[in-house]
Amino acid sequence: MADSEFNGRSLQELLKKQGTLPPDQALQIMDKLLENLESIHRSGTLVLDIRPCNIFLSENGDVRITDFNASVSIEDAKKRRALVMHPRYAPPELYGIRADL
């Protein structure tokens with residue numbers, strides 16, 4: 001979840017510095033990111049801007065989503081279907097597709 005006291009760097013910064021991540025590190029980050037998203041989705045919120053610049057990593061391995069400006073309730077998203085999203089990033093829940101398939 002987002003936290004203004006969180007100290008770390010973005011995944012974008014890490015990728016610029018390090019390049020491609022080793023598979024184990026990438027999987028650890030993705031696992032924690034998905035845990036965060038699952039919690040956010042359970043609360044009824046859909047985050048529409050999941051990009052490396054909005055994912056922050058701490059030195060102790062915590063992962064946080066930092067930008068909720070482009071988020072809506074899942075119910076509102078289903079009703080509107082016309083939301084502004086960053087190109088190439090579209091949550092499957094918006095289109096009624098199960099994300100767990």
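## Basis of the description

The structure is a predicted model, in which local features need pLDDT of at least 70, side-chain atom pairs count only at pLDDT 80 or more, and totals for chains, interfaces and linings use all residues. Residues are numbered from 1 along each chain as its sequence is written, and side-chain values use heavy atoms, with hydrogens and water left out.

## Overall architecture

The secondary structure of the protein consists of three helices and five strands. Helices (H or I, at least four residues) and strands (E, at least two) are DSSP runs, numbered from the N terminus. Read from the N terminus, the order of elements is β-α-α-β-β-β-β-α.

The protein has 101 residues, of which 31% count as buried. Buried denotes under 20% relative accessible area, exposed over 50%, and partly exposed in between (1.4 Å probe, protein chains only). The protein exposes about 6900 Å², and carbon and sulfur atoms supply 51% of this area. Accessible areas come from the Shrake-Rupley method with a 1.4 Å probe; for residues, only the protein chains shown count as cover. Among contacts between residues at least 6 apart in sequence, 61% join residues at least 24 apart; a contact means heavy atoms within 4.5 Å.

Helix α2 comprises the 20 residues 23–42. At 1.5 Å a residue, α2 should span 28 Å, and its end C-alpha atoms are 28 Å apart, which agrees. The expected span is 1.5 Å times one less than the number of residues in the helix. The buried residues of α2 are Ile29, Leu33, Asn36, Leu37 and Ile40. Seen down the helix axis, these buried residues fall within an arc of 100°, so they line one face of α2. The arc is that of the directions from the helix axis to the C-beta atoms. An α-helix has 3.6 residues a turn, so residues three or four places apart point the same way.

The face of α2 turned away from the buried side carries the exposed residues Pro23, Asp24, Leu27, Gln28 and Arg42. Cover for the buried residues of α2 includes α1 (11–18), β2 (45–47), β3 (55–57) and β4 (63–65). Just after α2, Gly44 takes a positive phi of about 90°.

## The open sheet

Three strands form an open sheet in the order β1-β3-β4, with antiparallel pairing. β1 (9–10) and β4 stand at the edges, each with a single partner strand, so one side of each is left without a neighbour in the sheet. Two strands pair if DSSP finds at least two bridges between them; β3 and β4 pair in the antiparallel sense over three bridges. Phe56 stands opposite Arg64 in β4.

Helix α2 lies across β3 and β4 and runs at about 45° to β4. Axes are lines fitted to C-alpha atoms, for helices over the stretch in contact, and angles run from 0 to 180 degrees between N-to-C directions.

Ser10, found in strand β1, is buried, with a relative accessible area of 5%. Not counting residues up to four places away in sequence, Ser10 touches Pro52, Cys53, Ile55 and Phe56.

In strand β2, Leu46 is buried at a relative accessible area of 0%. Leu46 and Ala70 are 24 residues apart in sequence, with their C-alpha atoms 8.6 Å apart. Val47 also lies in β2 and counts as buried at 4% relative accessibility. Leaving aside neighbours within four places in sequence, Val47 is in contact with Ile40, Ile65, Asp67, Phe68, Ala70 and Ser71. The C-alpha atoms of Val47 and Ile65, 18 residues apart along the chain, are separated by 9.2 Å.

Asn54 lies in the loop between β2 and β3 and counts as buried at 6% relative accessibility. Leaving aside neighbours within four places in sequence, Asn54 is in contact with Asp49, Arg64, Ile65, Thr66 and Asp67.

Leu15, in helix α1, is partly exposed, with a relative accessible area of 33%. Not counting residues up to four places away in sequence, Leu15 touches Leu21 and Pro52. Leu15 and Cys53 are 38 residues apart in sequence and 10.0 Å apart in space, C-alpha to C-alpha.
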